[in-house]
Amino acid sequence: MKIQSSDYLSRIHQPLKDLMNVLCSEFDYVSLLATDSRGKAYNVRTRSMDIRDFMGERGMVFRAIHQGRIAEFSLNQLPDRLDDAVKVVSDNLNAQFEMNKKEGYAFIPVEIPSEEEWTVNEQKSYQKPFESYDLQEKLDKLQSFVKHGSEMDPRIVNMVAAYMEVSVSKLFISAKKDLIQDYPWSQGYIMIVGKGDNGIKMAFKSASGMKGAELLDEMAEIVETAIQQLDEVLGATPIVPGEYDVICTPEITGLIAHEAFGHGVEMDMFVKNRAKAPEYMNKFVAAPILTMHDGALGPLNVSSYVFDDEGTAAHDTVVIEDGILKRGIADALSASRLSTIPTGNGKRESFERKAYTRMTSTYFSKGTDKLDDMIRSIKKGYLLDGMESGMEDPKNWGIQCVLSRGYEIIDGELTGNIVGPVILTGNVIDLLCSITMISDDFELFGAGFCGKGHKEFVKTADGGAYIKAKARLG
Amino acid sequence: MNAKLLNLLTDNEEIADFSVQVRTTVSAEWFFIVDKLDQSRSKSVTYTMVKLYVDSDSEPFTRGHAEITIYPTHSDEEIEQLIIEGIASAKLIKNQLYVLPQNKPVEDPIQVKEDVIGLGNRIIRFTLDAAQKYHGEINSFEVFANHHDIHFVNAKGFDLHYSMQDAQLEMIVNSRDEKGEIELYRDLRFSELIEENLDRQLRETFTEAKDRAVAHATPALHKTNLILSGDNVSDFFGFYRTSTHASTLYSKSSNFNVGENIQENVLGDTVSFTMVPTLPGSCHNSPIDEDGTVLTTTSVVNKGIFKQVWGDARHCHYMEVKPTGNLRNMVVESGSKTVAEMETGVNLEVLDFSSFIVDGQTGDFGGEIRLGYLIEDGKKTPITGGSVSGKILDLHTHMYLSLERQLVNRFSGPLKVQIFDVNVSGIE
């Protein structure tokens, strides 16, 4: 079933087009992104619960280019009268241009985007609309997860079952574009806190996708997994730091794809000379069995849209092909500065924030190996699982991934010994070139948020297959 | 304040309590590549946040709440519908009953005149000048200056109007040697431009970038003494902040219990810290928290003894302690060693991690080293790569805090922390 479009955006569509007609005559280029996203988060804990607004936004951002300079104005209220609205937006943008001139700031000239005529109005689908279950039913399902989990292990001191649903609605207008899209996404997670002999430990398992309320049904499966994980982390011992043969689960593979090459090929980093990737274009950066994609046109997940926040159509970009770095991903402004094409990766945290080059669905393509064979191939190493966090360093191609667990492998068999937490670090190219096996599995994970530095959090998804590599663990 | 909204909330008999916060933010933003402007931005937004509470009318007595965000473009009819939906939602939430405190009026609440353009331009000038002064190489930087006007009212007649300003300077600094170019990332946040502080932070950043450019690979130390400095010290003490919060204790997710010694058989310095409503230059200064509880300075841990639970009104009520409010600023007392004393023997000092992760509940910490110093009897060799990891609970019984202090945004405390036998994954 298709998601409903936003009444609010429908209501303001024509008045905004009228406004943009006037603004287009005043500036060399002007565009508008208006948003109306509605979301709820349902949280049930062992001893409390709540329902909150989640990821909602309603507002607009105007971008103007004039005499080579660029300025933006974000706001969530405009006067009703056209003349008054024009004055509010125009005065603000002109004041920015004037102030920056007055301050004497040198600027990097930007070219006028060459746009083609494009009109679209698309609503994505989900199996079960968010309204399929009422509030009580949603809470009841989450409560049943918590009740079941809490009965399973007396060491559990707190359990959280959380479900979030978001309807995203966006309208983009420029001289040649008139674009509307509506799409849903939902995510859920089970987090369990347990107390063992070594103090408090935590387990976490999530589910997500371009899905509706059907995600609540799917969440039952992850409860058992999270309970099992808590048992494992409570018994985990510290790892002996060193370099090991490792197998990464699809979740960790996704984290590596995201941190290792995703951030490294964001082309706003190229503009700032903050990435090593341009030096490696058309060279081997990974084992020849590895291919990596990014794109909102890829497998459906939480960041699968028709157009990005700058009105560029979604792409499916092959970043690494058979181990060779082929191209990066770009927002419109960075693409213009680099004289290349934008790839539909211009995303904003909300209408209140700047657009940067951001990832969408980032993944390594699946291979042909079997997980059992991969485990059998390891003399001493670890099967790594449980993503906690990651951090990129595109300039120096360092990588940091914090993981909750490593399952010991000795002589081709899992021993049952578990270490954790584990920090995987190293050089990205060394890590990717060390990949010798890729399984025929494939899974995407979209329950997290991705930041740019320590801010600008947006939804992204990442994943892939099991990979076998060599990594430094600590 | 929307009178119709207040009437809707006041006149509805199902609503046991409510608060309304109207927050208007005006921002100016600049994005520079080296010393050239890439683009500028401006923002003007208003949000009305309503929190309403509904109590059950039969045993077991419970309280539910709903949080509603109202946009300026919502019509009166839409607002009424949002309130109806909020009440329906709050009725389903069956939390243990609690009450919100009756506040006394706040005398002389913070009032800051809006000058986001002036503040932002001063930061830009100061940053560009500092790069020249210290021969630093800026790759790019972003400046955000925000002014917030906040009007808070609740059902009990508490009415407070205050305003705040804050700023963020995100900066990338480069340096190079014959091996290539490196970068350091800094995210500096403050409520006022204290030139002395910003000058020190920028000078240190440029110096550290030059050191990283000539850094050696971290040796395979396996276990060593670790000295943390800068923001990492604040992150380290975040574990104590989280573990003593009423919500963590209520959810039984803390390793600590009030009244107990959290550092039994300590060999080094004990932890003492206080949560406070304001600190000079902090972005988190406020007279009240999000529930409207007037913030009260609270001594939480004294000489290793967990003295006082702190937190929001609801969880303090559950823990049967007087609500302190959700304080955001932390003051940690100094320890017994000077930095020079810490640096005797062999130590690994980490100034900059890719991302320093400290789990607020478990106390597990770790991160990849972007810049550190291997200190051997005072001689410092810059190192990079590899990682450190450990668990605060296992290490804080032998820990030293420096006599020298730092004041960074919401943290005032020791400049450095020294812990022992920390795992190091080196690369040489």
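Which residue of S11(B) is the bridge partner of Thr274(B)? To find out, select Thr274(B) in this predicted model; its bridge partner in S11(B) is Ser299(B).

Strand S10 of chain B covers residues 273-276, and strand S11 of chain B covers residues 298-302. The two pair in the antiparallel sense, over three bridges.

Now widen the selection to the whole sheet. It is an open sheet of six strands in chain B, with mixed pairing, and its order is S12-S11-S10-S13-S21-S20. At the edges stand strand S12 (305-306) and strand S20 (405-408) of chain B; each has a single partner strand, so one side of each is left without a neighbour in the sheet.

Then move to helix H2 of chain B, residues 76-92. Its 17 residues should span 24 Å at 1.5 Å a residue, and the end C-alpha atoms are 25 Å apart, which agrees.

Colour the buried residues of H2(B): Leu82(B), Ile83(B), Gly86(B), Ser89(B) and Ala90(B). Look down the axis of H2(B): these buried residues fall within an arc of 130°, so they line one face of the helix. An α-helix has 3.6 residues a turn, so residues three or four places apart point the same way.

On the face turned away from the buried side of H2(B), select the exposed residues Glu77(B) and Gln81(B).

Finally, show what the buried residues of H2(B) pack against: in chain A, strand S2 (49-53) and helix H3 (135-152); in chain B, helix H1 (3-11), strand S2 (36-55) and strand S3 (62-70).

Key: Residues are numbered from 1 along each chain as its sequence is written. Chains are lettered from A and ligands numbered from 1 in the order in which they are written. This is a predicted model: local features need pLDDT of at least 70, side-chain atom pairs count only at pLDDT 80 or more; totals for chains, interfaces and linings use all residues. Two strands pair if DSSP finds at least two bridges between them. Helices (H or I, at least four residues) and strands (E, at least two) are DSSP runs, numbered from the N terminus. The expected span of a helix is 1.5 Å times one less than its number of residues. A residue is buried if 20 or more other C-beta atoms lie within 10 Å of its own, exposed if 12 or fewer, and partly exposed in between; C-beta atoms are placed from the backbone. The arc is that of the directions from the helix axis to the C-beta atoms. Two residues are in contact if their C-beta atoms, placed from the backbone, lie within 7 Å.
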